[in-house]
Amino acid sequence: MPELAEVYYHSSHWKAAQGERFRLAWLHDKTRCARGLASEALAGKLSSSTLLSGYTHGKRMLFAFSGSCFLEVHLGMTGSLHRMQVDYEERKHDHLALKSEASTLLFRDPRQFGKLALHETEGGKLPDWWEALPPEPHDVAFTSERFESVLKRREKAVLKGLLLQQELFPGVGNWMADEILWRARLRPDRRLGSLSQAERDALYRELRWVCREALRIIGKDYSDPPKSWLFTHRWKDGGICPKSKLPLKRETVAGRTTCWSPEVQR
């Protein structure tokens, strides 16, 4: 599933069309990803509407159009955004297309676990629910004090599962959680209450570092992180830890496939 940096990258395709005036070309509103969104309603709201800006938060995107209209996009597991030529013709899994005189904006989702939703506000201000979202881990507002506050009453939580809670750490998904724990030298199956203060500090530090660096590297042009990261070694059985040079271990932790280094994460 696309995580914080991948979501930012996909949003950049649509944001590149800011200032263009769009109309709805098609919406397959019977698909699962468009549940609750009628093509007639969207066509009425996005009739010659200008794309003003785009926002990301964790795994969510929000695109502002003139007329105080916002299109929310969640990529789910297989969703993606694209900016194509204006004469682009529909292909399989293209569930939404907006056309201007210069380009076609696409939402594609083979497995339909994504989500499209329409929101309206007064005066073009961001929706209240968007403004109320918690700060992302790389944000300046995500201080060590906030980090400790969100950990309260979660001492029994397993670290891997804890990092995947979007209401606490927006945008952190499976591979990012593994990367954070590997860099903090913490076993993914440890419980929060077993950590010393030094280990909690390391978890906070690596959480912020991985989020910032993922945005810088992946969010820019979808490049893979360098081979010094766990990222490039974790995907298949038989991977070798870039720190210990010994085999990585793969198992299910907190219900998710997890990769970790027994020598590094003791």
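Visitor: Why are Glu 179 and Arg 183 said to be separated by about one helical turn?
Guide: The model is a predicted one. Glu 179 and Arg 183 both belong to helix H6 and are four residues apart there, which means a separation of about one helical turn.

Visitor: What makes the contact of Glu 179 with Arg 183 a salt bridge?
Guide: The closest N and O atoms of Glu 179 and Arg 183 are 3.0 Å apart, and because a salt bridge asks for a side-chain nitrogen of Lys or Arg within 4 Å of a carboxyl oxygen of Asp or Glu, the pair is counted as one. By this rule the count comes to 16 salt bridges.

Visitor: Are Glu 179 and Arg 183 buried or exposed, and how do you know?
Guide: Buried means under 20% relative accessible area; Glu 179 has a relative accessibility of 0% and therefore counts as buried, and Arg 183, with a relative accessible area of 18%, is buried as well.

Visitor: How do you know that Arg 250 and Asp 237 form a salt bridge, and where do they lie?
Guide: Their side chains meet at 2.8 Å, N to O, and since the limit is 4 Å, the label applies. This pair links distant parts of the chain, with Arg 250 in strand E9 and Asp 237 in the loop between H7 and E9, 13 residues apart.

Visitor: Why is Arg 250 called partly exposed, and why does Asp 237 count as exposed?
Guide: The relative accessible area of Arg 250 is 31%, which falls between the 20% and 50% limits, so the term is partly exposed. Asp 237 has 67% relative accessibility, and because exposed means over 50%, that residue counts as exposed.

Visitor: What can be said of the salt bridge between Arg 108 and Asp 94?
Guide: The closest N and O atoms of Arg 108 and Asp 94 are 2.7 Å apart. The pair links distant parts of the chain, since Arg 108 is in strand E7 and Asp 94 in strand E6, 14 residues apart. Arg 108 and Asp 94 are both buried.

Visitor: Turning to the rings, why is the aromatic pair of Phe 147 and Phe 169 called tilted?
Guide: The structure holds twelve aromatic pairs. In the one formed by Phe 147 and Phe 169, the centres lie 6.3 Å apart and the planes make 45 degrees; because stacked requires under 30 degrees and edge-to-face over 60, the remaining term, tilted, applies. Phe 147 lies in helix H4 and Phe 169 in the loop between helix H5 and helix H6, so the pair ties together parts that are 22 residues apart in sequence.

Visitor: What makes the pair of Trp 175 and Phe 231 edge-to-face?
Guide: Their planes are 80 degrees apart, with 4.7 Å centre to centre, and because over 60 degrees counts as edge-to-face, the name follows. Trp 175 lies in helix H6 and Phe 231 in the loop between helix H7 and strand E9, so the pair ties together parts that are 56 residues apart in sequence. Both residues are buried, and ring pairs link Trp 175, Trp 209, Trp 229, Phe 231 and Trp 235 into a cluster.

Notes: Residues numbered from 1 in each chain as written. Predicted model: local features only at pLDDT ≥ 70, side-chain atom pairs only at ≥ 80, totals over all residues. Heavy atoms only, no water. Phe/Tyr/Trp six-rings, centres within 6.5 Å; stacked < 30°, edge-to-face > 60°. Helix = DSSP H or I, 4+ residues; strand = E, 2+ residues; numbered from the N terminus. Buried < 20%, exposed > 50% of the residue type's maximum accessible area, 1.4 Å probe, protein only.
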